[in-house]
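Open the model in your viewer and keep the selection tool at hand.

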Amino acid sequence: MAESSTLICEENQHENVPVYEFMDVNSKEFHIGAFRDLWLDVLNPEVYSYSVTAPEIEDVEFMEEMGIEPKTLEELKSICSVDSLRSGHDGTDNVPSDLHLSTLKLRKRRQDYKETLTRYTVDRHEVYANEMEMTSVGKKPDDLRDLIPEGEIILTFNIMYPILFRRFKFVRAYQTLHVLGSQKLSDLRDAICCVSDLQVFGEFSNTPDMVPQFISKDHYKSAFFFFNGTFFNDTRFPECQDISKTTQEWTRTRDFPEFKTAKMEDTSFYDLKMKVGFPYLYTHQGDCEHVVILTDVRFVHQDDCLDIKLYPLITHKHRVVTRKCSVCHLYISRWITTSDALAPTDPCLFCDQCFRMFHYDDKGNKLGDFLAYAYVDPGTFN
Amino acid sequence: MSRKKLCEYYWAPFKSDCEELLGRFQQTESVRYEEFSAIWREMDFSGVFFGTQSDHEKRYFTRLIFTIAYRYILPPYSFQIRVGGLYMIYGLYNTQLIWPKEKIRIALKDWYDVQKLIADAKSCQHLDVVYIFKRLLSSKAFCFTAMPQKLTFEARERVQHNVNEEFRDHKNRVTELASIEMLEEIANMHGHYERLKKSSVPPSSGVTLLNLTYLVQKCAFEYQQWQDKIAAEKEKNSKKETTQKSESSSRAVMLAAIKSKSYGHVSKGTKSRRHRQVEMVTSGSGTDHALFSQKRRPPSLRTRTWQNFGKPSEPEQTQEWLLSVMEEDKNALKRKDIRRFKWRNNWL
């Protein structure tokens, strides 16, 4: 019967149409590539293309579709034009005096309150909040080969900072990254900026001049993503180990379903099945764990940044206050000392110059007893 | 406080503005854009964007109102309200004040419903509905997404959306059941059954045959007649009552009239007090706002000590001294009242 076959079609559709699992919290799992295909089936390619069809062609198409005369179309255009929505007021910065809408009443109350304040505090976070996003909006590439193809999906990930510091317990600090559906997971991994990647190992109080040869990013290259029961490991370099193995062995002894493994650099986002709004995991450096949330999956729009070389694109970074040297309060601290008899606190931060002046004499001998480590400030990514 | 959190206070007032606009549109009982734009100009609705100084705040506000307005295009609202929602989105998109323009997010699951709406409009030859939709598509106002909102797993941003009962589409379940296709199917099955029976079993007299199709049709018809009768009576009654009201405010009268003449279904009652109660529930002093807690300062250690160990009913006898201030200056010791802006005034 015709009805049952349409039902079967609808069921196949329904599997990949994202719906809420918990209202307003997260969606159910869906395959991203199949989701894109469903949208492409339903949409006319002109709708998501970057170019704009000429108005005359649109008019002709509309007339054919609805079977109306050009005169009717003209009348329709004049009725439905944007001028019909124009308001009487020109000035948009201040709330107009005749208030009817409750939104405006609320805004006027707030405006009146603000005028009673004697000091106008400028919230710097707010002033510069959109700055990062605005630098990349609407950017077209110079080379047309770098243009993002129409119908591409953009995924937005919020990557939380690891909760290592006390300050991050109260604020949910995150970075927002936009990635294209055709990119691989390893591209996303490379774009995540975490301060633990830059940490340098070793105690340098005896050899302050020795430049450290490596940073943790080069040394510990393994990482994995955990999405929906599958561990995606980074296997590009020979040093990379499968750090998810310990977790998997542990789960085998307990009551957990079987987890699968896959390669990060072979999987593109189109192959993944994800839940929107659901927290996932990214681990690197062995134990630096980040919560990763997929916040948005959408089609690329002509007003987005269209240069493929700029993706993965960072649109929001939580700004961390950089910690300055305890001595001069001017320079950013590069050294951290512990069990230092000369320092006021334990541990204590110093910039390079103050550190050398304080702990070493003219000939470079070590004064006093202390342990010194190289310090990378969390605010280096600001 | 970040601008995003501040903008969420606009949820309730904007929702009540939307409902007023759509309520007036419902009262006109038509789906023509001309009527809608007349109401828009009268209410000066494009003024919702006015008054914000920073671009950042404008953007968050625009995103917020699109999220609110978008809900009105989807079921369970009635056809007229959904068309009104579409016009409202067209209006808001074209009168927004930021560049690049904020897009209207439309999820895949809702796209099917919207297509159905447009198809209905096409079949009824509502040219302006289709034209407006085509204009939105061609000006690339839509952003095709997976979910209607960005989901960031933050408890603060979850807001309840209560469907206004006035705008809900009342399905006529009896006519749906007794639709023409269904009746045809029943008739076919009945005929088939008769033939089979005749061919297989010798005709016995006992059982009287029921003509099911005819019965279902008759029931549906009776129900329809009864519904029309009730609606006509209610309208007569309400007309009498609305002429008697002379002193209530003009807005209450108008909104009460909307309630009484609502689009084709049985109305609940015309007392303005009844209506105002409904409006308060939907416009947000109670349930319709975000689930963040009120910020009340907990009692200080001093008050707690006095309450637990002292005599809570008597005021405290301790006298505070401030050496830098003259004794006669009583105001110096009083804690300076940091006047915070109260976003939600319950009497507003």
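A nonpolar core is a set of buried Ala, Val, Leu, Ile, Met, Phe, Trp, Tyr and Cys residues joined through side-chain atoms within 4.5 Å, where buried means under 20% relative accessible area (1.4 Å probe, protein chains only). This is a predicted model, in which local features need pLDDT of at least 70, side-chain atom pairs count only at pLDDT 80 or more, and totals for chains, interfaces and linings use all residues. Residues are numbered from 1 along each chain as its sequence is written, chains are lettered from A in the order in which they are written, and side-chain values use heavy atoms, without hydrogens and water.

Select Phe157(A), Met88(B), Leu92(B) and Phe144(B): these have the most contacts (heavy atoms within 4.5 Å) inside the largest nonpolar core, which has 113 residues.

Now go to the contact between the chains. It takes 81 residues from chain B and 80 residues from chain A. In chain B, the largest share of the side touching chain A comes from helix α7 (residues 127-138), with nine residues.

Which residue forms a salt bridge with Lys103(B)? Select Asp303(A): the closest N and O atoms of this pair are 2.9 Å apart. A salt bridge is a side-chain nitrogen of Lys or Arg within 4 Å of a carboxyl oxygen of Asp or Glu, and the count between chain B and chain A is two.

Conventions:
Buried < 20%, exposed > 50% of the residue type's maximum accessible area, 1.4 Å probe, protein only. Helix = DSSP H or I, 4+ residues; strand = E, 2+ residues; numbered from the N terminus.
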